[in-house]
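Visitor: I have a chain open here and would like to talk it through. Could you start with the overall picture?

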Amino acid sequence: MDLKIYEEDTSKTHKISYSGKGTLEDLITTMIDEGIDVPDEAIILTNGKQLDFDKTYNFINNQSFTLRNAANLEGFAIQFNDITKAKIKQIKVGRNNNAKPWRYVTRGINLYGNCQNNKCEAYNKEVIDMKKNIKELDLVKEKGFMICPMCKKHCQAKTVGFYKCYYNIFTVKCDEETYQNIKSGEIIPDFDKLNVSNVGKGNCVNSNGKNYVLQKTEGENIFKFDETSGDATFVKLLFQVLSY
Ligand SMILES: [Zn+2]
């Protein structure tokens, strides 16, 4: 009897021989024996349902399975300041010679987070990751991380600020249940079916017909999204700078 294994990481389909009845563990062992690279965090699905470790299955001839690497899924959704609700705080950027070097901002996108590296000069302080000359940043693809400007280690980005630019923010939020399903590997987010929200004022529409928001910062002020409205779960969180 043959089974078809679709490997999501490589988009390859493999055919393996299998005896009929077995557990998920038996199936994985056979896959490895047949030369398929099964990641440690593998999830196997059939007809969109995840196979269970404790059950014995009656596999049928030509049944199709999807091999998904759950390690990839962590990047599908992140928790971040709910900027669809947050107020924009305008903070004047001055030429202060005494300013700490982790507080410098750049034109365009600036991410804010707290450095968690206890060997860093800016440990536990709010640091700013200047995304110099970066016109587009998908924070979900970055798994919600930014780089501390002092120690260059990753830390979690908690909010964003824009300085001296025209910018767009494009967000797709999801609810807790959807988030859990994404994390467990049961679904891959389908942007068209999820809740699309806009931030701020003004509208323009991208090629997919989704709403974007176009904003301009003013003067010497950085537009920082304050964090009083709490976090939300995003499957898409795209920051764009249109011009400086
Ligand atoms: Zn640091």
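Guide: This is a predicted model, and in its protein chain, residues 24 or more positions apart account for 71% of the contacts that have a separation of 6 or more. The chain holds three helices and 21 strands.

Visitor: And what share of the 244 residues is buried?

Guide: Buried residues make up 26% of the 244 residues in the protein chain.

Visitor: Let's go to the open sheet with five strands; what order do they come in?

Guide: The order is E2-E1-E7-E4-E5, and the pairing in this open sheet is mixed. Strand E2 (12–17) and strand E5 (49–50) are the edge strands, each of which pairs on one side only.

Visitor: Which way do E4 and E7 run relative to each other, parallel or antiparallel?

Guide: Strand E4, residues 42–46, pairs with strand E7, residues 63–69, in the antiparallel sense, and four bridges connect them. Within that pairing, isoleucine 43 of the chain stands opposite arginine 68 in E7, while leucine 45 has threonine 66 as its bridge partner in E7.

Visitor: What is the partner of leucine 45 in E5?

Guide: In E5, the bridge partner of leucine 45 is glutamine 50. E4 and E5 also run antiparallel, joined by two bridges.

Visitor: How many residues sit between the strands in that hairpin of E4 and E5?

Guide: There are two residues between the strands of the hairpin, in which asparagine 47 takes a positive phi near 50 degrees.

Visitor: Which strands does helix H1 lie across?

Guide: Helix H1, residues 24–33, lies across strand E1 (2–7), E2 and E4, and its direction is at about 105 degrees to that of E4.

Visitor: Changing topic, where is tyrosine 104?

Guide: Tyrosine 104 is found in the loop that runs between strand E9 (88–92) and strand E10 (108–114).

Visitor: Why does tyrosine 104 count as partly exposed?

Guide: Tyrosine 104 has 13 other C-beta atoms within 10 Å, and because a residue is buried at 20 or more and exposed at 12 or fewer, a count in between is classed as partly exposed.

Visitor: What does tyrosine 104 touch, leaving out residues up to four places away in sequence?

Guide: With those residues left out, tyrosine 104 touches Ala99, Ile128 and Met130.

Visitor: How far is tyrosine 104 from valine 127, in sequence and in space?

Guide: Tyrosine 104 and valine 127 are 23 residues apart in sequence, and their C-alpha to C-alpha separation in space is 8.7 Å.

How values were computed: Residues numbered from 1 in each chain as written. Predicted model: local features only at pLDDT ≥ 70, side-chain atom pairs only at ≥ 80, totals over all residues. Contact = placed C-beta atoms within 7 Å. Pairing = 2+ DSSP bridges. Axes fitted to C-alpha atoms, helices over the stretch in contact; angles between N-to-C directions.
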